[in-house]
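Here is a note for a colleague who is opening this entry for the first time. Please read the points with the structure in view.

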Amino acid sequence: MILAVLQARMSSSRLPGKVLADVLGRPMIERQVERLARSTRLDHLVVATSTDPSDDPLAAWCERAGVAVHRGPLDDVLGRFLGACRPIAPRHVVRLTGDCPLADPTVIDALITRHLDGGHDYSTNCWEPTFPHGMDAEVVTAAWLERLDLLARSPWEREHVTVWFRAHAGEISLGELRCEPPRPDLRLTVDHAADLAVVRRVYEALHPGDPAFTMAEVIALLDAHPEIRALNADATSVRLDGALVVGGPGWPSPAA
């Protein structure tokens, strides 16, 4: 079983409440979930948010939308991930973050295929930045996620879930997926209001014609319309590591 865990919270320091921000008439996280539901390799999806009261609106949205949600520690994100995974007992876990509403399921599926075919412990498409920022995804075996619970002790390692692998790459089998041609110059993540403006323009341009628009179509749109790219040209954010939700609309239940 392959479980996707969508890490999301309301208390973003740069853009509070962004996961429920409106994108073409729907909450941003709903747009991401509907894209992830098109994956052919993911079996289940869980939103992993926190027990902090600030995340009550997000948890309430999940319940209304029929999206499974796990609530755990705000800062110990690794502990939150494990809490989301243990009741389901997957063999592999895909980490996703709720600030990537343009995530492409075909990219995620390709990463999963690379991970499984190579028998890797951990696979990522952002070890070296070649994909647009906002297409990041990681896959880790459940066994290694449990090992991380013992090995990752610092607050930094607990908050960033897989960052331990960066300092111990020689101790794991690492799988990588690269974007060809590389396009790390594009920002498709949402950290600032300017990023949200770009995402809204992309959805307005592409979603009405084809809700299943791809990363390639997004890139073509931004290359053809530099005025959209210019909206968040000055936005910055740290790209640390590679992104989780269980049993939403269109997803089989964990018992299926």
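Predicted model: local features only at pLDDT ≥ 70, side-chain atom pairs only at ≥ 80, totals over all residues.

1. Residues are numbered from 1 along each chain as its sequence is written, and side-chain values use heavy atoms, with hydrogens and water left out.

2. Helices (H or I, at least four residues) and strands (E, at least two) are DSSP runs, numbered from the N terminus. Seven strands form an open sheet in the order 5-4-1-6-8-7-9, with mixed pairing, where two strands pair if DSSP finds at least two bridges between them. Strand 5 and strand 9 (174-176) stand at the edges with a single partner strand each, so one side of each is left without a neighbour in the sheet.

3. Within this sheet, strand 6 (residues 92-97) and strand 8 run antiparallel and are joined by four bridges, with Glu138 of strand 8 as the bridge partner of Arg95. Strand 7 and strand 8 also pair in the antiparallel sense, over three bridges, and here Ser123 stands opposite Val139 of strand 8. By contrast, strand 7 (residues 122-124) pairs with strand 9 in the parallel sense over three bridges, and Tyr122 has Leu174 of strand 9 as its bridge partner.

4. Which residues of strand 8 (residues 138-141) point one way and which the other way? Glu138 and Val140 point one way, Val139 and Thr141 point the other way, and all are buried, a term that means under 20% relative accessible area, with exposed over 50% and partly exposed in between (1.4 Å probe, protein chains only).

5. In helix 2 (residues 56-65), the buried residues are Leu58, Ala59, Trp61 and Cys62. Seen down the axis of helix 2, these residues fall within an arc of 155°, so they line one face of the helix; the arc is that of the directions from the helix axis to the C-beta atoms. Glu63 and Arg64 are exposed on the other side, and just after helix 2, Gly66 takes a positive phi of about 75°.

6. The buried residues of helix 2 pack against strand 3 (26-27), helix 1 (28-36), strand 4 (44-50) and strand 5 (69-72), contact meaning heavy atoms within 4.5 Å. Seven of the nine residues of helix 1 are buried, so helix 1 is largely enclosed by the rest of the structure; among them are Met28, Ile29 and Val33.

7. The structure holds six aromatic pairs. The ring centres of Trp144 and Phe165 are 5.6 Å apart and their planes are at 65°, so this pair is edge-to-face. Rings of Phe, Tyr and Trp (its six-membered ring) pair if their centres lie within 6.5 Å, and planes under 30 degrees apart count as stacked, over 60 as edge-to-face and the rest as tilted. Trp144 is buried at a relative accessible area of 6%, and Phe165 is buried at 0%.

8. Ring pairs link Tyr122, Trp127, Trp144, Trp164 and Phe165 into a cluster. Arg147 lies over the face of Trp144 at 4.1 Å from the ring centre, and Arg166 lies over the face of Trp127 at 4.4 Å from the ring centre; a charge sits over a ring if NZ of Lys or CZ of Arg is within 6 Å of the ring centre and within 35 degrees of the ring normal.

9. Asp185 lies in the loop between strand 9 and helix 8 (193-206) and is partly exposed, with a relative accessible area of 43%.
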